[in-house]
Amino acid sequence: MNVFGEPWTTRHTRYFSDPDAGPDALLNDATEWLQYAHSSLLVLTELVQERGSPDEQRLTTMLEGICAFIEMGTRSATQAHLRMQWQGVRSEVERSTSVA
C-alpha cells in the first residue's frame with residue numbers, strides 16, 4: 001500500500017538551492033540534510049530493536065527517504081564546492097583585469 005505516494009516522492013525528490021546562496025549556506029544545508037538522514041537511521045534502529053523486523057513496505061519507504069536525504073545533502077555539498085571554485089576563478093579574473 002502506498003501511503004500518499006511516498007515511494008514516488010522519495011524517488012523523485014530533487015534539491016533546488018537558492019541561486020544566490022553562498023557556499024557557507026549550502027554547506028549548512030548539506031549538514032542539515034545529512035543530520036536528517038542520521039536521525040532517521042537512529043529511529044529505524046530503535047524500531048528494529050523494539051519490534052524486531054519492521055513491515056517490508058515501511059522499511060522500504062524509510063530507506064528510500066533516507067537515501068533522498070543523503071542525495072540532497074550530497075547535492076548541496078557539491079553545489080557549495082562548485083560555487084567556491086567559481087568565486088575563486090571570478091576573483092582571479094577580476095584581479096588580472098584590474099592589473100592590466
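**Exercise 1. Find how many salt bridges a search of the whole structure gives, and locate the side chains.**

Step 1. A search of the whole structure finds one salt bridge. The term means a side-chain nitrogen of Lys or Arg within 4 Å of a carboxyl oxygen of Asp or Glu. The model is predicted: local features need pLDDT of at least 70, side-chain atom pairs count only at pLDDT 80 or more, and totals for chains, interfaces and linings use all residues. Residues are numbered from 1 along each chain as its sequence is written, and side-chain values use heavy atoms, with hydrogens and water left out.

Step 2. Name the pair. Glu71 and Arg75 form the salt bridge, at 2.6 Å from N to O.

Step 3. Helices (H or I, at least four residues) and strands (E, at least two) are DSSP runs, numbered from the N terminus.

Step 4. Glu71 is partly exposed, because its relative accessible area is 32%. Arg75 also has 32% relative accessibility, so it counts as partly exposed. The cut-offs are under 20% relative accessible area for buried, over 50% for exposed, and partly exposed in between (1.4 Å probe, protein chains only).

**Exercise 2. Describe the fold of the protein chain by its elements and contacts.**

Step 1. Count the elements. The chain has three helices and zero strands. Read from the N terminus, the order is α-α-α.

Step 2. Look at the contacts (heavy atoms within 4.5 Å). Of those with a separation of 6 or more, 81% join residues 24 or more positions apart.

Step 3. Turn to the whole chain. Buried residues make up 20% of its 100 residues.

**Exercise 3. State which residues line the largest pocket, and classify them.**

Step 1. Define the pocket. On a 1 Å grid over the protein atoms alone, a pocket is an open set of points where a 1.4 Å probe fits, with protein on both sides within 12 Å along at least five of seven lines; lining residues have an atom within 4 Å of a point.

Step 2. List the lining: Leu44, Leu47, Arg51, Pro54, Asp55, Arg58, Leu59 and Met62. Helices H2 (23-51) and H3 each give two or more of these residues.

Step 3. Classify. The lining divides into five nonpolar, no polar and three charged residues. Ala, Val, Leu, Ile, Met, Phe, Trp, Tyr, Cys and Pro count as nonpolar, Asp, Glu, Lys and Arg as charged, and the others, Gly among them, as polar.
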